[in-house]
Amino acid sequence: MFTGIHFIPADTKIGFVRLRTISWVISALLTVVPLLLVWKVGLNFGIDFQGGTLIEIQTKESVADLADIRAKVHGLNLGEVQIQEFGAPNDVLIRVAAQPTEKEQQESIAKVKQVLGDQVEYRRIEVVGPTISSELIAGGTVAVVIAMIAILMYIWFRFEWQFAVAAIASLVHDVTGTIGLYSLLQLEFNLSSIAAILTIIGYSLNDKVVIFDRIRENLRKYKKMPLTELLDLSINETLSRTVLTHVTTFLAMMPFVLVGGEAIFGFALAMVWGIVIGAYSSIYVAAPLQLILGVKRDSGMASAPARAKTQARARA
Amino acid sequence: MLHFPQWKVILVFGVVLAGIIFALPNLFARSSMESMPSWVPHHQVNLGLDLQGGAHLLYQLDENEMIEDWLNKLRDEVRETLRKDRISYTDLTQNVAGRTVSVKIRQATDFDKAYQDLRKLSQPVGGSFGLSGANNLDVSQNGDDGIVLKVTDAGLTQRMNSAIQASIETIRRRVDAFGTTEPSIQRQGRNRVLVQVPGISDVERLKKLIGETGKLEFRMVDPGANAQQVVETKQVPIDDELLYSKDTPPVPYVIRKQVLVSGENLVDSQPGFDQRTNEPIVTFRFDSTGAKRFARATQENVGLPFAIILDGKVVSAPVIREPILGGSGQISGHFTVPEASDLAVTLRSGALPAKLTVIEERTVGASLGADSIASGTKATLLGLLLVVLFMFAAYGLFGLFANIALVVNIALIFGVLSLIGSTLTLPGIAGIVLTMGIAVDANVLINERIREEIRSGKSPVASIEAGYQRAMTTIIDSNMTTLISTLVLFWLGSGAVRGFAVTLTIGILASMFTAVTLTRLMVSYWLRWARPALIPI
């Protein structure tokens, strides 16, 4: 009977932790370079966080005359205006900078509609006033921070504090890495980007927990094994699972990047990237960090019933 | 472990069956569902505005304007009270930032009486049955001769609550005039109203209809004043006000401040055509109080012009040819047909308590929504196909079990979404896709464990048992972290993003059932039926 292809051999002995000097450098670069990018190049903030107006139109002719649209909208003197093709050649995205008041913002749509006339189809109009955009910035930041704290608490509760710290450190790595992608490709950073980051946090941690679980189990099993070896053993034992689960999620999400449409492209791409970077950080960041933090041998017996059981066994 | 008691088997199949039954209506068109017999579940997943097209408008009530209005009225009440008591006063002023009206009493002997009577203006919050004990005004003495009336926080909150409530009612009446299906009008936060209208195409008209305050007044034009002269000299006679018409260029009018009748006294208003000129007009009818007042006013002022004023703009200023006693009349102001019908709706629905401003707008056209559904469905099916193929390639028969469980999982998501009447958005579809990854992850964990146990030399049954058992804590731990971040997302998110959190949460919870319990049941049946010497994994 067909037993399935063993994509990853059962007895890999890759020295993930042994070769940590190289991976430390890569991880550090993956964390710092995005920050430099954000600092130097900046993020392409969408209207959710910057305020402003976004109008998506579809022209009747098969290829939109961008120059003509640009000339017409620029003539309105509404401040900064961006005009770009969006998906199809006759789909155009017009972005108008935030106006000082909500009233002027509403008037700006009317003006744009007036110069473009009825010859185009208005597929989408989004207006975010200054009040809302500042609330969304605050809300988004708070959400990411709260999610991190809640997860830290959970890991701390379930494991030892060393695991929690390692988890958060690798999450910071994942988050900066994802933000770096937004900056590098100048993808629009909006509310759904925050959703992507939050999901990546949850999903990537899911993976770390699995490895932590195995480390804890092995700590209990091999009392004398040096920590470097033990960590490598745990990563190798779970390697097949780590790779396979990321491949399935990757396969599920990838069609969204390719055929999911322009509206969700940025979100889907960030998710796919997050899946890859999450797999990397599980193996190269979260587990090796245990070495530095010095996880304790008895951490596997943190829970009271387990401790009682071992004591009972020792007496017997 | 692999033995299932009878009741558990029935329960598992019951849940699966229920999920499929409640998900099934989504496979049919809405119209064909209507012809089904009534015992068939009819609930379909609600599509979000981004998928079916529509308008999402977030309005904010101008708090400062509301306070200013209140203080204006309060000032009039203070003046009225002191006048009635024949107490002379000075420096009657209002301060919007401090939310106060202050007055100075001239004669020290009058002070106590004035203080006593002004205190009566303060009302308990929540009417005389109010339980909070708080008043809407705080009346206090300031220096020897000053009295300050301050709007309290409780008073302001109460007024805001009732203003928002009234706004929602008014907006509902106006949106209903559009005849669209299932508009949703809800309060958000302290001073906001969220209006969601699915499937609407003319959003500009909707915004215009909602944005109009709709304050209608009938007032006399001051026959003694020359409007042009007043505009030039900027000297408006006392008790008069300079207002403009809505025409371009606007025509100035000098209007009496006194209001003859206002929109509150209207009972009906309909669009129509003038019988002589065939011009679109709006007809209206007063209630008995309004009719009486209007009759008296027109009797006293035959031959003089009066003005019909809407939101501070003169709509028309006809001359009263004869007393209007029947309590009904018409407004003509060079309207187009849609303008006349919208004005009729505005008047009929009553005035908004204060001005509402759009602070967030998201409108999606029906064609974009349809495109999103098409591309979302395509991406989901493609993703499902890839995952199913991969799982089978990786685990053979056990991959097949996981795949069956995955399909049931998706059915359960749709079943639950339909049952709780939740909304499916484009990010929500992405959430379902992510769930597919997470759901099979549980099976990956279990299957990898089984492989390990087999390698360590356990028997088939023991390996499977150990695999399920030991993977369980890991599955719970790892799903918890995703659930935590999803819950935060639900709490933070609005609209489309919240849809993502909803499907992901339902999907993860359902996957705990399908990927673990359901596959275990399948495996246990298979074991009993095939009695394999080796596990094909």
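In this predicted model, chain B has an open sheet of three strands, lined up as S12-S13-S16 with antiparallel pairing.

Now for the strand pairings. One is inside chain B, between S13 (residues 280-286) and S16; another joins S5 of chain A to S17 (residues 356-364) of chain B. Strands of a sheet pair through backbone hydrogen bonds, in either a parallel or an antiparallel way. Here are the two pairings, with one bridge from each:

| Strands | Sense | Bridges | A bridge pair |
|---|---|---|---|
| S13(B) and S16(B) | antiparallel | four bridges | B:Thr283 and B:Gln330 |
| S5(A) and S17(B) | antiparallel | five bridges | A:Arg124 and B:Val364 |

What about the wider meeting of the two chains? Contacts link 61 residues of chain A with 63 residues of chain B. On the chain A side, strand S5 (120-128) supplies at least two residues, and so does each of the helices H4 (102-116), H5 (130-158), H7 (191-221), H8 (227-259) and H9 (262-286). Sort that side of chain A by class and you get 36 nonpolar, 16 polar and nine charged residues.

Terms used:
Residues are numbered from 1 along each chain as its sequence is written. Chains are lettered from A and ligands numbered from 1 in the order in which they are written. This is a predicted model: local features need pLDDT of at least 70, side-chain atom pairs count only at pLDDT 80 or more; totals for chains, interfaces and linings use all residues. Two strands pair if DSSP finds at least two bridges between them. Two residues are in contact if their C-beta atoms, placed from the backbone, lie within 7 Å. Ala, Val, Leu, Ile, Met, Phe, Trp, Tyr, Cys and Pro count as nonpolar, Asp, Glu, Lys and Arg as charged, and the others, Gly among them, as polar.
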